[in-house]
Amino acid sequence: VFYLRCMKKVLISLKNDRTVKSTTLMVGGHAVANVGAYLYHLFMGRLLIPADYGVLQSLLSLSNILSVPLVTLNTVVAKFVSTYVGKGDQGKITSLYYQVRKGLFVIFIVGGSLFLLLTGFIVNFLHLDTWVNVLILDLALFFGLVNIINRATLQGLALFVPLTIAQFIEAYGKLILGVVAVFLGLGVPGAFGAFVLIIFISYGYMVKVLQKKLGNFTYHPLPVRAMSRYAVPSALMTVGVTALYNTDVVLVRHYLSSYEAGLYAALSVLGKIIFFGTAPVTTTMFPLVSEAHAKGETFHRIFLLSLMFLLAIAGAVTIIFALAPALVMRIMIGAQYIDAAPYLAPFSIFLSLCSVIFLFTNFFLSIHRTQAVYVVVAGAIVQAVAIVLYHANISSVITISLTVATIITVILSLYYIYVARS
């Protein structure tokens with residue numbers, strides 16, 4: 001009886017906990033959105049031949065790597081918005097949003113034009129058939145930069161419902177547009193171009209939500225110096241984490257055969273179910289910890305609950321992938337990728353560790369403990385150099401990535417213990 005009463009008190013406490021409610025909403029909503037993302041890759045994997053699917057995945061991975069400024073800006077803006085929320089400075093939130101958005105439109109026009117100068121190099125490096133893919137990559141990167149201010153502001157304000165709706169729009173929008181484009185015979189450019197078209201729709205929705213929430217613009221000077229100082233470790237964190245789960249895909253495309261690159265692309269898609277499935281946990285934790293830190297409140301409970309959520313999700317998916325890799329490969333990607341099944345379990349562990357690293361680094365950034373990012377960057381460099389030197393087959397690439405991710409996770413865990421005690 002005593003045990004049941006204690007369990008009831010714990011469940012009631014968790015039910016009313018802001019971290020638990022917010023994380024449950026984001027994880028649940030993101031899971032539904034991920035169905036659309038998964039269906040996109042499922043259809044692309046079945047509609048495109050393995051070689052073309054490898055091209056698509058290499059473009060998406062390159063896009064992720066080049067999107068470091070987007071993720072960095074998201075982290076910086078979300079941090080300052082959540083800090084202003086903690087201090088009750090509504091006017092500064094509105095001023096920051098409109099000033100940053102204006103500047104990003106300038107970067108979109110100028111930077112997007114300059115990026116096209118790299119078209120020849122990208123076409124040759126990834127062995128692309130057409131320059132159109134590079135043009136689509138250009139639009140996705142630079143308009144995505146404009147769109148990120150909306151996402152970051154919603155995150156900083158802890159407006160998780162509209163943030164989740166925006167994810168629905170993007171996931172199912174690219175699915176519908178991508179499938180239609182491939183059926184019309186547009187191939188990789190059509191599948192990849194769906195990302196760009198849906199960004200414009202997502203942008204319109206988030207702008208409408210924020211205009212109602214933020215109110216009229218009142219000028220406040222941007223904390224440029226403080227934002228710049230914070231942007232450096234944020235950028236390094238983004239570079240490190242993004243490189244960990246994308247550099248391998250790009251290098252495999254460059255060094256191994258087209259068939260092996262296609263198999264590795266399939267592994268990457270399934271593995272990223274873990275990373276992006278747990279990403280909402282980090283997205284939710286960051287503004288909550290940052291706001292609590294700004295108020296001088298305790299925040300370790302928020303982090304530990306988030307870590308618990310993440311390990312539960314990543315562990316469950318990894319176990320399923322390890323127990324039935326061939327079945328998972330047939331159902332979720334297609335029988336043509338069945339040769340990749342033996343590698344699914346270790347690759348899933350690698351992506352689970354990347355998820356843990358992502359949570360740790362965001363936690364440290366939210367409380368201004370930025371030293372940890374250098375560990376991640378160093379690990380990403382070691383991973384890239386090792387793959388360049390030793391890329392005999394898929395197995396050797398995964399072994400390198402898994403070893404590096406394990407070492408980084410151990411170091412960050414020890415650093416967290418040090419921070420908690422101090």
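**Notes on a helical chain**

Reply: M285 is located in helix α12; helices (DSSP runs of H or I, at least four residues) and strands (DSSP runs of E, at least two residues) are numbered from the N terminus. The structure is a predicted model, in which local features need pLDDT of at least 70 and side-chain atom pairs count only at pLDDT 80 or more, while totals for chains, interfaces and linings use all residues. Residues are numbered from 1 along each chain as its sequence is written, and side-chain values use heavy atoms, with hydrogens and water left out.

Me: Is M285 buried or exposed?

Reply: M285 has a relative accessible area of 0%, so it is buried. Buried means under 20% relative accessible area, exposed means over 50%, and partly exposed lies in between, with a 1.4 Å probe and protein chains only.

Me: What is M285 in contact with?

Reply: Leaving aside neighbours within four places in sequence, M285 contacts I302, F303, S306, L359, N362 and F363. Contact here means heavy atoms within 4.5 Å.

Me: R253 belongs to α11. At what angle do α11 and α12 pack?

Reply: Helix α11 (residues 247–255) packs against helix α12 (residues 258–295) at an angle of about 165°, and their axes are 8 Å apart. Axes are lines fitted to C-alpha atoms, for helices over the stretch in contact, and angles run from 0 to 180 degrees between N-to-C directions. That makes α11 roughly antiparallel to α12 (under 35 degrees counts as roughly parallel, over 145 as roughly antiparallel, 65 to 115 as roughly perpendicular, the rest as oblique). The crossing is left-handed, meaning that the near helix is turned anticlockwise from the far one by less than a right angle, whereas clockwise would be right-handed.

Me: Which residues make that contact?

Reply: From α11 they are D248, V249, V252 and R253, and from α12 they are S258, E260, A261, Y264 and S268. They divide into four nonpolar, two polar and three charged residues. In this scheme Ala, Val, Leu, Ile, Met, Phe, Trp, Tyr, Cys and Pro are nonpolar, Asp, Glu, Lys and Arg are charged, and the others, Gly among them, are polar.

Me: How many residues of α11 are buried?

Reply: Seven of the nine residues in α11 are buried, and the helix is mostly covered.

Me: Let us compare α16 and α17. How do their axes cross?

Reply: The axes of α16 (residues 372–389) and α17 (residues 394–421) come within 10 Å and cross at roughly 165°. The two are therefore roughly antiparallel to each other, and their crossing is right-handed. Contact residues include V375, G379 and Q383 of α16 and V397, S401 and Y415 of α17. The contact divides into 13 nonpolar, three polar and no charged residues.

Me: Now the aromatics: how many pairs are there in the whole structure?

Reply: There are 18 aromatic pairs, where rings of Phe, Tyr and Trp (its six-membered ring) pair if their centres lie within 6.5 Å, with planes under 30 degrees apart counted as stacked, over 60 as edge-to-face and the rest as tilted. One of them joins Y245 and F275, which is tilted at 4.3 Å centre to centre and 40° between the planes. Y245 lies in the loop between α10 (224–244) and α11, and F275 in helix α12, so the pair ties together parts 30 residues apart in sequence. F275 also pairs edge-to-face with F276, at 5.3 Å centre to centre and 85° between the planes.

Me: Which residues form the aromatic cluster?

Reply: F299, F303, F360, F363, F364, Y415, Y416 and Y418 form one aromatic cluster.
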